[in-house]
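Here are some short notes for a first look at this structure. Please read them with the model open beside you.

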Amino acid sequence: MSTAAFTRSRFAPALLGFGTLVAFVVLMQALIYFGVLNQFIVPYPTDIARAFERVIVEEHVFERFLLTLQECVSAALLLAVFGISIGTILYKVDILRRATETWVAAAAAAPTVLMYPLFLVIFGRSAWTIIMMGFVAGLPAVILKTIEGLSGTKTVLMNVGRSFKLTPWQLFWKIQFPSALPTIFTGFKLGLIFALINVVGVEFLINFGGLGQLINDLAERYDLAGTYAAICFVILVSVLFFIVVERIERWLTRAA
């Protein structure tokens with residue numbers, strides 16, 4: 001197979017990504033071996049690989065993995081329902097949009113994780129505190145991209161809909177919303193990133209269940225290899241989320 005044919009094949013991106021990962025692991029192993037990186041701060045990748053079995057067997061990582069996944073799914077559902085709804089309302093009510101859009105944009109840059117003591121007072125030391133922290137952190141991105149997507153509907157599409165005498169409700173559901181779906185999903189993915197960071201971060205801070213608590217426990221025991229292995233499971237949660245979201249996006253785009 002020629003180089004050009006290989007780069008066009010469907011397996012080329014996956015193979016390139018896997019090869020890059022292997023090269024990175026080998027590079028890290030070499031840097032630690034030759035003393036460029038301190039092995040008491042960054043463990044050998046081979047030690048991390050060996051720690052996986054211990055973390056899975058002794059630390060009940062799958063129960064923690066499922067708890068973090070459930071919290072992320074709950075935050076994602078809240079983002080989908082309330083984020084898209086609020087964005088649609090702000091798009092429809094122009095004065096409300098002009099009054100609040102700057103605030104929403106400012107909230108997107110705010111370090112909301114620092115508000116966790118307030119959420120602890122409201123929801124107690126429970127999973128709801130973690131879910132709501134993830135939800136609040138991801139909400140501005142979903143709202144802003146929903147407004148952007150609905151505002152970006154092409155005028156020619158709207159005129160075609162009006163020529164068929166569609167009602168405002170039909171114009172929204174048959175033209176505006178399907179047209180805005182790619183942008184809305186971009187905002188949803190951004191919101192998920194913020195939500196996942198905050199879910200694991202708050203688990204770490206309040207030492208309550210999930211992978212965040214596991215990372216905290218292992219770090220306090222100075223189990224560096226185990227800590228990095230647990231971080232790999234957090235990355236796995238993120239990867240699973242994005243695979244599911246991309247499949248939902250493709251399905252909805254085809255259906256629309």
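Does Lys145 count as buried or exposed? At 18% relative accessibility, Lys145 counts as buried. The cut-off for that label is under 20%. Keep in mind throughout that this is a predicted model.

1. **The layout.** Start with the division of the chain. Domain 1 covers residues 1-42 and domain 2 covers residues 49-255. Their C-alpha centres are 30 Å apart.

2. **Lys145 and its partner.** Lys145 makes a salt bridge with Glu148. The closest N and O atoms of the pair are 3.0 Å apart. Both residues belong to helix α7, and because they are three residues apart, about one helical turn separates them. Glu148 is partly exposed, at 45% relative accessibility, while Lys145 is buried.

3. **A salt bridge in helix α3.** The structure has six salt bridges in total. One of them joins Arg50 and Asp47, with 2.4 Å between the closest N and O atoms. I would look at this pair in the viewer. Helix α3 spans residues 45-58 and holds both partners. They sit three residues apart, so about one helical turn lies between them. Arg50 is exposed at 58% relative accessible area. Asp47 is partly exposed, with 26%.

4. Arg98 counts as exposed at 60% relative accessibility. Asp94, at 41%, counts as partly exposed.

5. **Thr102, in helix α5.** Helix α5 runs over residues 94-108 and includes Thr102. This threonine is exposed, with a relative accessible area of 58%. How far apart are Thr102 and Leu144 in space? Their C-alpha atoms are 9.8 Å apart, although 42 residues separate them in sequence.

6. **Thr129, in helix α7.** Thr129 lies in the helix that covers residues 127-151. Its relative accessibility is 0%, so Thr129 counts as buried. Which backbone oxygen does the side chain of Thr129 reach? That of Phe119, at 3.5 Å. Beyond residues up to four places away in sequence, Thr129 touches Phe119, Leu120, Phe123 and Gly124.

7. Thr153 is in the loop between α7 and α8, the latter being residues 155-163. Thr153 is buried because its relative accessibility is 10%, and the limit for buried is under 20%. A polar atom of its side chain lies 3.1 Å from the backbone oxygen of Leu150. Setting aside neighbours within four places in sequence, Thr153 contacts Met158, Ile175, Gln176 and Ser179.

8. **A nonpolar patch.** Which residues make the nonpolar surface patch of about 570 Å²? They are Phe18, Leu21, Val22, Phe24, Val25 and Val26. Val26 belongs to helix α2, which covers residues 12-33. Its relative accessible area is 53%, so Val26 counts as exposed; the exposed label needs over 50%.

How values were computed. Residues numbered from 1 in each chain as written. Predicted model: local features only at pLDDT ≥ 70, side-chain atom pairs only at ≥ 80, totals over all residues. Heavy atoms only, no water. Helix = DSSP H or I, 4+ residues; strand = E, 2+ residues; numbered from the N terminus. Buried < 20%, exposed > 50% of the residue type's maximum accessible area, 1.4 Å probe, protein only. Polar contact = N/O pair within 3.5 Å; in protein donor to acceptor, adjacent residues only side chain to side chain. Contact = heavy atoms within 4.5 Å. Patch = residues over 30% accessible without salt bridge, like charges linked within 9 Å, V, L, I, M, F, W, Y side chains within 5 Å. Areas by Shrake-Rupley, 256 points an atom, 1.4 Å probe, with all protein chains shown as cover. Salt bridge = Lys/Arg side-chain N within 4 Å of Asp/Glu carboxyl O. Domains from an automatic or database assignment.
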